[in-house]
Amino acid sequence: MSSVTLKRELNVAKRLLLRSQAASEIPDIIAHADLDHQWYEIRDVIDKEVQDEKCGPLNTEILEYPKGAIDVRPLSRFSVRDHLVYDALVYRLASAIDANISRNVYSYRWNSKTSQMGFPISAWLRMRMRSIKLIKRDPSLRFASTDVSSFYEHVDIATLTDDLYAVTPDGWTLKRLNKFLANFQDINHAWGLPQGSDASGILANLYLAPVDEYLRKSNLRFVRYSDDMMIFHSDWNTLRDALAGVNRILRSRRLSAAGSKTRIWEPKQAREFLDDTYKTALAYSIDIASPGSKEELRHYFQEIIAQEPLDMRDLKFALNRFRQIRDDYALQWCLENLRFVANLAREIFNYFESLRGWSQRISKSLCEFMEQGESRSYPYLEQRILRYFIKTGIRDDVMLERAWDILQDRNRVKFPREFAARYIGNHARLSESQLLLHGFEEEPDGDMRRALLVALYDANYCSPRLLRKVQGAFPELRWICAYLLGSPQLPLTGKAVSWL
């Protein structure tokens, strides 16, 4: 057996996974509380498997995650075990990688002292502030902006592997990480780096390091957040040449710049684009409850929704401020346009949850959306809607009927089915609980069996005898069974079952 252990990095991966649940694009039905409950046992099992080169991924779901009304990106949903393995392997290399990344790169920076990354929004804001300072110091500056088309999907793993071997002599980790990434591409309709894990962002920084070095050697000021970069200079031709040089490097790495997002901004345009003075002032006036701040926010929101296309960044800002002051002004617009801004579902449903006095109106509108057959085209919204009903404790016959339809349709992606099970479990009659148990016995998928066990616990139809029986029959469910045997208060609902 190898003397190398991944336990320290698995500890870090678990901590960061739990920290990210509140902002997760695809949150777990119980926020991985079962993982936290018996972590050291789980960690040691995973560590042994990785030492034996059982790296995975064993089970991957590729989800079409919305970027806008039409565009999607492939989000990789690993099992929690595979997620932890991937993250831990990358985190083991993170310090060595980060030491080779330019200080002008703000995304996915690894702090070796604290063994963690900063929050993405904080890093993005620091990049933005750096850009504003450059423009203010030299009003003659133009800037060129560009990013990479489908960046993560087109990262060439063989080239990345060469980069990694040049960065670190840690052959033990590199062998296992390379095996994980090779398996990811071999067994899925996916390629490149898995999307949905911050660990991929660390590797992506290394993949674009030649671009940073080219710009540094060209004596150009620049900032980069993942593949989104801005290059500053007063001369238009210099910026054009810089973009051409960047494109040549990208092509050598099997990448290409997004033509629709590549442009050179004139000094006045640059200042207007980068200067967020208005939003900063508006946020401050809301923070101190300045007279007229609510009306100003409403006016700003009207300007945003009048634009075509919508500026998602500005819309997110407005929705978060409406949530902060619990103003229902944007409520009807959100309900009417939910499908067109599904990529902002997290912000929209956080806003809905802040409007406690409007829950009946919100739930009625969401039920109408779910009754329409086209809701099937928006599984991410279905998941968020079911999660809203679970969290608010609203029982609705229409929603329960739709939840049963979703749960029983095995052709659907899993994540809305998991939340459908929990919603049913929270409001199940005895006969429905018995039907949930029947569904568990017939369910072939391990993740769905886990969700159905949690639903049975919600329904108070999950006896210690049943849990011990499941523990013996399904080894992959032993952790969730051990967790539920402790009569925990479940996340989202706070419900607990007493075995006494």
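## Helices H16 and H18

In this predicted model, helices H16 and H18 cross in a right-handed way. H16 covers residues 345-354, and H18 covers residues 379-392. Their axes lie 11 Å apart, and the packing angle is about 20 degrees. Angles under 35 degrees count as roughly parallel. H16 and H18 are therefore roughly parallel to each other.

Which residues of H16 meet H18? They are Ala345, Arg346, Phe349, Phe352 and Glu353. On the H18 side, the partners are Tyr380, Leu381, Arg384, Ile385, Arg387, Tyr388 and Lys391. The residues of this contact between H16 and H18 divide into 7 nonpolar and 5 charged, with no polar ones.

## Helices H21 and H22

H21 spans residues 430-442, and H22 spans residues 446-458. These two helices pack at an angle of about 160 degrees. Their axes are 9 Å apart. The angle makes H21 roughly antiparallel to H22, because angles over 145 degrees count that way. The crossing of H21 and H22 is left-handed.

H21 brings Ser433, Leu436, Leu437, Gly439 and Phe440 to the contact. H22 brings Arg449, Leu452, Leu453, Ala455 and Leu456. The residues in the contact of H21 with H22 divide into 7 nonpolar, 2 polar and 1 charged.

## A four-stranded sheet

The model also holds an open sheet of 4 strands. Their order is E6-E7-E5-E8, and the pairing is antiparallel. Which strands stand at the edges? They are E6 (221-225) and E8 (263-265). Each edge strand has a single partner strand, so one side of each is left without a neighbour in the sheet. From one strand to the next, the twist averages 20 degrees.

Helix H10, residues 236-252, lies across strands E5, E7 and E8. H10 runs at about 145 degrees to E7.

## Pairing along E7

Strand E7 covers residues 228-233. E7 pairs with E6 in the antiparallel sense over 5 bridges. Arg221 stands opposite Phe232 in E7. Tyr225 stands opposite Asp228 in E7. How many residues lie between E6 and E7 in their hairpin? There are 2 residues between them. Ser226 sits in the turn, with a positive phi of about 55 degrees.

E7 also runs antiparallel to E5, and 5 bridges join these two strands. Here Phe143 stands opposite Phe232 in E7.

## Salt bridges

How many salt bridges does the count come to? The count comes to 42 salt bridges. One of them joins Arg142 to Glu266. The closest N and O atoms of Arg142 and Glu266 are 2.9 Å apart. That value is within the 4 Å cut-off for a salt bridge.

Arg142 lies in strand E5. Glu266 lies in the loop between E8 and helix H11 (267-274).

Note on methods. Residues are numbered from 1 along each chain as its sequence is written. This is a predicted model: local features need pLDDT of at least 70, side-chain atom pairs count only at pLDDT 80 or more; totals for chains, interfaces and linings use all residues. Side-chain values use heavy atoms; hydrogens and water are left out. Axes are lines fitted to C-alpha atoms, for helices over the stretch in contact, and angles run from 0 to 180 degrees between N-to-C directions. Angles under 35 degrees count as roughly parallel, over 145 as roughly antiparallel, 65 to 115 as roughly perpendicular and the rest as oblique. A crossing is left-handed if the near helix is turned anticlockwise from the far one by less than a right angle, and right-handed if clockwise. Contact means heavy atoms within 4.5 Å. Ala, Val, Leu, Ile, Met, Phe, Trp, Tyr, Cys and Pro count as nonpolar, Asp, Glu, Lys and Arg as charged, and the others, Gly among them, as polar. Two strands pair if DSSP finds at least two bridges between them. A salt bridge is a side-chain nitrogen of Lys or Arg within 4 Å of a carboxyl oxygen of Asp or Glu.
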